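This briefing is intended to be read beside the sequence and the three-dimensional structure. Please keep both in view while working through the topics below.

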Amino acid sequence: MEAQAVLDTERDHYLLLHTGWKDNRRTHGCSLHLDIKNGKIWIEHDGTEIGIATQLLELGVPAEDIVLGFHSPNMRQYTEFAVD
């Protein structure tokens, strides 16, 4: 398995992909997808064990600067994070 970071700093798109072979099966998938929109970090997909939102909070990023983009817009109001 190989981890690949795809970093588009011009458009603020960031992906962590895993690709390779497991036994005789080809695997390919996105483990993490972050975007920066209007100065906020949008978590579009989080397949990490710990959770990237938790790690961002521990690094001092305020909850109001993090959007859980993988939740529907009407469900985001029930989280401790930004709505958009």
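The largest nonpolar core of this predicted model has 11 residues. Its members are L32, L34, I41, I43, I52, A53, L56, A63, I66, L68 and F81. In soluble globular proteins, nonpolar side chains tend to be buried together.

- The largest share of the core, three residues, comes from α1.
- One of the core residues is I43, which touches H33, L34, I52, A53, L56, I66, V67, L68, G69 and F70 when residues up to four places away in sequence are not counted.
- Several of these contacts of I43, including those with L34, I52, A53, L56, I66 and L68, are with residues that also belong to the core.

**The sheet**

- Five strands form an open sheet, in the order β1-β2-β3-β4-β5, and their pairing is mixed.
- Strands β1 (2-8) and β5 (66-67) stand at the edges; each has a single partner strand, so one side of each is left without a neighbour in the sheet.
- Strand β3, residues 25-37, and strand β4, residues 40-46, run antiparallel and are joined by six bridges.
- Opposite D35 stands W42, a residue of β4.

**A charge over a ring, and the aromatic pairs**

- The ring of W42 has the charged end of K37 sitting over it, 4.3 Å from the ring centre.
- How many aromatic pairs does a search of the whole structure find? The search finds zero.

**The loop between β3 and β4**

- Residue N38 is found in the loop between β3 and β4.
- Is N38 buried or exposed? Its relative accessible area is 82%, and the cut-off for an exposed residue is over 50%, so N38 is classed as exposed.
- Along the sequence, N38 and R76 are 38 residues apart, while in space their C-alpha atoms are 17 Å apart.

**Residue D8 and its surroundings**

- A polar atom of the D8 side chain lies 3.3 Å from the backbone nitrogen of E10.

How values were computed: Residues numbered from 1 in each chain as written. Predicted model: local features only at pLDDT ≥ 70, side-chain atom pairs only at ≥ 80, totals over all residues. Heavy atoms only, no water. Pairing = 2+ DSSP bridges. Helix = DSSP H or I, 4+ residues; strand = E, 2+ residues; numbered from the N terminus. Polar contact = N/O pair within 3.5 Å; in protein donor to acceptor, adjacent residues only side chain to side chain. Buried < 20%, exposed > 50% of the residue type's maximum accessible area, 1.4 Å probe, protein only. Phe/Tyr/Trp six-rings, centres within 6.5 Å; stacked < 30°, edge-to-face > 60°. Lys NZ or Arg CZ within 6 Å of the ring centre and 35° of its normal. Core = buried A, V, L, I, M, F, W, Y, C linked by side-chain atoms within 4.5 Å. Contact = heavy atoms within 4.5 Å.
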